[in-house]
Amino acid sequence: MITVRRDKAAQKNHVHSERDDRLRSTLTSGPGLMWMLCFLFIPLLAVVAISFMTRGEYGEIGLPLTLDNYRRLLGFGILGFDPLYPAILIRSLALGLATASICMVAALPLCFFIGRLPLGWRTAGLILIVIPFWTNLLIRTYAWQILLSPGGWICRLAEIFGWISPGTGLYPGVFAILVGMVCDFLPFMVLPLYASVEKIDWCLAEAAVDLGANGSQVFRHAILPQILPGLGAGCILVFLPATGQFVIPDLLGGAKTTMLGNLIQQQFGAGRDWPFGAAISFVALLLVMAGLWFRGAKQAGGEGGLL
Amino acid sequence: MDLASWAIEAEGLERRYGTVEALRQVSFSIRKGEFFSLLGPSGCGKTTLLRLIAGLDLPDAGRLRIDGKDAGGIPAHKRPVNTVFQSYALFPHLNIRQNIAFGLKMKGVPSAETRSRVDRIMEVVAIEDLGDRYPAQISGGQKQRVALARAIVNEPQVLLLDEPLGALDLKLRRQLQDELQGLQRRLGITFIHVTHDQEEALVMSDRIAVMNAGRIEQLDTGRQLYDQPRTRFVAQFLGTCNLISGRVQGIGNGVATVGTELGALTFIHLHNSKTLSIGGTVHLALRPEKLHISREKPSGCGNVFSGVIQQVIYGGASTQYQLDVGAIRLHATLMNNGAAHQFLHEGDRAYCILAEESLVLLEDE
Amino acid sequence: MSALLYAFLYAPILVVIVYSFNAARFGSTWGGFTTRWYGVLMENPLAWAAARNTLILGLVSTGIATVLGSLLAFGLARFRIPLKSFTIGLLRVPIFIPDIVMAVALLMFYSLARQWFGLFELGLPTMIVAHVTFQIPFVTIVVGARLAGMDPSLEEASRDLGANEIQTFLHVTLPLIAPGIIAASMLAFTLSLDDFVVSFFTSGPGSTTLPILIYSSVKRGITPDINALSTFIIAISMAATLAATVLQRSWKYRSIRDI
């Protein structure tokens, strides 16, 4: 009898506290969560829905439901196979990959350089990397138009070395896009990589030397495994947004260098083909999800937090 | 006993975290004005129990009364209980004076009264000149005093202390142990003190609850716990202890005989302790300082066995011996007061006497 | 090598600043030092209107996002929340998806809402909603980090000393996470100032912001006063970044001292 009553009291306590928790979480997280549901989740659902719809004669969205938009993206149009869109898809991925690779190659020595600076200078070195990132991307991008246009000193230098024929510029084109991309995304590579480099246990390298490893062997076996997490994080942080970048290819590329982002923009501008634009957006979204899932799977059980 | 004399009454408290049972059927009562310690290794549930009393956590089952009133529905901020946290938990953004006044301010005590009460308490714990400093600017011992002042200024019925001296060095610890004890006597507040330091618990407490794996193993005065441990855990957690197991061979007139690996042992068996049956397994405990060893075979007493000294550790006031009797290793501690045992060395043959009145029958199966 | 990389990062910024003082109107030739373009800029009504819009957009969206994001972080850190992993996943999306996907998603959403409910006429309000949406996750992360770094026994001590939950929040939690909230709002404001893509797709007539103005000038051919405008923006961003860094460092030192 007493036991039953005691259990009931405890149960009442417990239910009570759970209901209170719900009230508290509704009052604190509720508004923010509602906002994200209304203005992020529902719009993304709309993207998915519209991507299966048909474009009307005047650009309006309507039925029937169809897979045509995805077929088109993969190159299967009304007139048979057309490599235009698959080429754009592959070009974007390749550009993302190239950006990530160049950033990696540039960031590695830079991070070791910063890591070897005296303590106070290290922070300064990092802050100097981050400051340009906080100035408007548009400004930094159009500046490259000036720097890389024909007649600029960079082009003249390239002419002297015989890399380009006189009178031509390095802009517009893939080279200019890459320059703009690396300039924009380098901090995304440097910050996580530096976090790893800073934590390197140099005793391992010394032990490797002691055991007779040469320079490249030391790097491969004693250093690389320690900075791999930072390298991986940096690559994801560069590759994903670089693939979907819109402003840089738009300002620094030409007609022949359309990327995923530009293709999306075209569907919402002059082209006015929202279902197709939605389909491309959804593919870009899936790409990001896959990348994040890949990273999450790799560091499963690792650090928590939002990032 | 009269209801009004209990500060805390707990009955069948249970708390689970996922699959971990932090507290299992914990029941006990604490008298008003008592200095009560919860002693146990880390993870034994003592801090969980303290949090349940403070109201910072809720039990899954069981009931708790504070000052005779059911505490089930009373939230932490309305309980007549205050806590001195292990990390002190001083508010870094408030100065010492504001820290101490925090509780009074929250309860809406008029500012003039708050000021005088804070002044008085700062005097009691001897931190009068720290008022304008911030927690980051004072030492560990000072933080401890501030945390204490911040709690007792509210005049709680019960003060909870979660390893309050854990972060301090030994010398400061001893000094503060004395001060805490003196303070408790003067204020008459019930103290519940959590610690994993057995000596601290023995020195300071009126009664101690030894906890293990979510249960109270034994609740007694320090002397009782040491002299009459009821379980193997208690016997070994407080000081060191020789444990000897065997089967009951005979039960006689207040004396029982047990067959052990040493040989037949007799011990005093009182009727109020565990009932014995012939052939049942029992465990006996013997404190090292109650084990006598000598070079010559003593005459006229039982429970004498011959062994070889394996190790001699000289410890100033006392010397510890380890000797093997057959396969059993026994520990003995002898005071260095000039007796003959000083002549024993490693490898010497010696006799040990397990006095039958010193053997304690444990309740473990 | 490393010096070259730093030069690479700063070259575009320097070139814009230098060109804003270039007397030559076109091309990459140096025509002497002048401050003429700043005068031209000051008399450009479009620039003033864009600056006003940018400021309103930044301040209002930052205000909303700071409140919502901080509360969200508090809830996530302290209470059991249904669908917690879904919420965290949702918060991650704006950080990682390409701006343009979010921009067109909102554009389509607004258009549908307009068709069905007559709501969300494109203009400053729709831009504010869009900015708040990408600001909230960043605010939540920064404030959440501060909350995670806070000793949980401080809030327990407060309750133990007789403060109810609201008193605890106001007297203990809020003062302790205030540096995080301020840092988060500065970050959110900077993100809003920097954003072009989302603004571009969700803006309406008359709600041009500075980045949109720069973009359309670039498309039409850069005029020297745009370089002057960009120099202004660069100066403001740099000052803000430096101020934020210095503030954060001094807080860091204070919190180290607190330990």
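Predicted model: local features only at pLDDT ≥ 70, side-chain atom pairs only at ≥ 80, totals over all residues.
1. Conventions. Residues are numbered from 1 along each chain as its sequence is written, and chains are lettered from A in the order in which they are written. Local features need pLDDT of at least 70, side-chain atom pairs count only at pLDDT 80 or more, and totals for chains, interfaces and linings use all residues.

2. Chains C and A. Here 69 residues of chain C are in contact with 66 residues of chain A (C-beta atoms, placed from the backbone, within 7 Å). Helix 1 (residues 2–20) of chain C gives the most to the side of chain C that touches chain A: 12 residues. Helices are DSSP runs of H or I with at least four residues, strands are E runs of at least two, and both are numbered from the N terminus.

3. Sheet in chain B. Five strands make an open, antiparallel sheet, ordered 15-19-16-17-18. Strands pair if DSSP finds at least two bridges between them. Strand 15 (291–294) and strand 18 (328–335) are the edges, each pairing on one side only. Strand 15 is joined to strand 19 (residues 349–354) by four bridges. Within strand 19, I353(B) is the bridge partner of H292(B).

4. Helix 4 of chain B. This helix (residues 140–152) has 13 residues and spans 19 Å from first C-alpha to last, close to the 18 Å expected at 1.5 Å a residue (1.5 Å times one less than the number of residues). Of the 13 residues, 10 are buried, so helix 4 is largely enclosed by the rest of the structure. Buried means 20 or more other C-beta atoms within 10 Å of the residue's own, with C-beta atoms placed from the backbone. Among the buried residues are K143(B), R145(B) and R150(B).

Notes. Contact = placed C-beta atoms within 7 Å. Buried ≥ 20, exposed ≤ 12 C-beta atoms within 10 Å, placed from the backbone.
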